[in-house]
Amino acid sequence: MKEILTSLDSLPLAIEELKSHIGNCKCLLFYGEIGAGKTTFIKAFCESLDVIDTATSPTFSIINEYHYFDTIAQQKRLIYHMDLYRLKNIQEAIDIGIEDYLYSGNYCLIEWPELIETLLPEDTAKIKFEILEDSVRKMLIS
């Protein structure tokens, strides 16, 4: 378990620490109460990869797709940003084809992943956000 303290000003450093800690892991699960900073962190994570698209909350669309150029693989890649808060059961996740996303080899950044934990690949990173102060968060990575 790794612990990182972060604020809006230190997001780039926190993202680099996260990337270093997770290695090649592509499925990242984000836990924390509403307002804990999950979406803000994901937007900054996408910016760190120079996504072509604007990262926005997928609260109503459930899944957003972003494009970036993977400098290591030297090819265009996708990031799937999911917000599963509105799903009522695991069958709804299966019906939208979530397993295709999870096992695509692309980044899957998932907010509110509790419902689908039984479907997840083994190589998955869990990031829990805790609010310490108005602008300070603790991230626990496992």
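What follows is a working chat about aromatic pairs, salt bridges and a pocket in a predicted model.

Trainee: What should I know about the model before we start?
Mentor: It is a predicted model, where local features need pLDDT of at least 70, side-chain atom pairs count only at pLDDT 80 or more, and totals for chains, interfaces and linings use all residues. Residues are numbered from 1 along each chain as its sequence is written, and side-chain values use heavy atoms, with hydrogens and water left out.

Trainee: How many aromatic pairs are there?
Mentor: Seven. Rings of Phe, Tyr and Trp (its six-membered ring) pair if their centres lie within 6.5 Å; planes under 30 degrees apart count as stacked, over 60 as edge-to-face and the rest as tilted.

Trainee: Why is the pair of phenylalanine 41 and phenylalanine 129 edge-to-face?
Mentor: Because the planes of phenylalanine 41 and phenylalanine 129 stand at 65°, with the ring centres 5.6 Å apart.

Trainee: Where do those two, phenylalanine 41 and phenylalanine 129, sit in the chain?
Mentor: Phenylalanine 41 is in helix H2 (residues 38–48) and phenylalanine 129 in strand E6 (residues 124–131), so to speak distant parts of the chain, 88 residues apart. Helices (H or I, at least four residues) and strands (E, at least two) are DSSP runs, numbered from the N terminus.

Trainee: Buried or exposed, phenylalanine 41 and phenylalanine 129?
Mentor: Both phenylalanine 41 and phenylalanine 129 are buried. Buried means under 20% relative accessible area, exposed over 50%, and partly exposed in between (1.4 Å probe, protein chains only). Phe41 and Phe129 also form one aromatic cluster with Phe30.

Trainee: Now salt bridges. How many in the whole structure?
Mentor: Four. The rule is a side-chain nitrogen of Lys or Arg within 4 Å of a carboxyl oxygen of Asp or Glu. One of them joins glutamate 17 to lysine 2, at 3.6 Å from N to O. Glutamate 17 belongs to helix H1 (residues 11–22) and lysine 2 to strand E1 (residues 2–6), 15 residues apart.

Trainee: How exposed is glutamate 17?
Mentor: Partly, at 28% relative accessible area.

Trainee: Which residues are linked in a network of salt bridges?
Mentor: Lys128, Glu130 and Lys138. Glutamate 130 meets lysine 128 at 3.8 Å and lysine 138 at 3.5 Å, both N to O. Lysine 138 is buried, with a relative accessible area of 19%, whereas lysine 128 is partly exposed at 43% and glutamate 130 is partly exposed at 24%.

Trainee: Which ring does the charged end of lysine 26 sit over?
Mentor: That of tyrosine 107, 4.2 Å from its centre. The test is NZ of Lys or CZ of Arg within 6 Å of the ring centre and within 35 degrees of the ring normal. Lysine 19 lies over the face of phenylalanine 45, at 5.6 Å from the ring centre.

Trainee: And the largest pocket, what volume does it have?
Mentor: About 340 Å³. On a 1 Å grid over the protein atoms alone, a pocket is an open set of points where a 1.4 Å probe fits, with protein on both sides within 12 Å along at least five of seven lines; lining residues have an atom within 4 Å of a point. The volume is the space filled by probe spheres set on the points.
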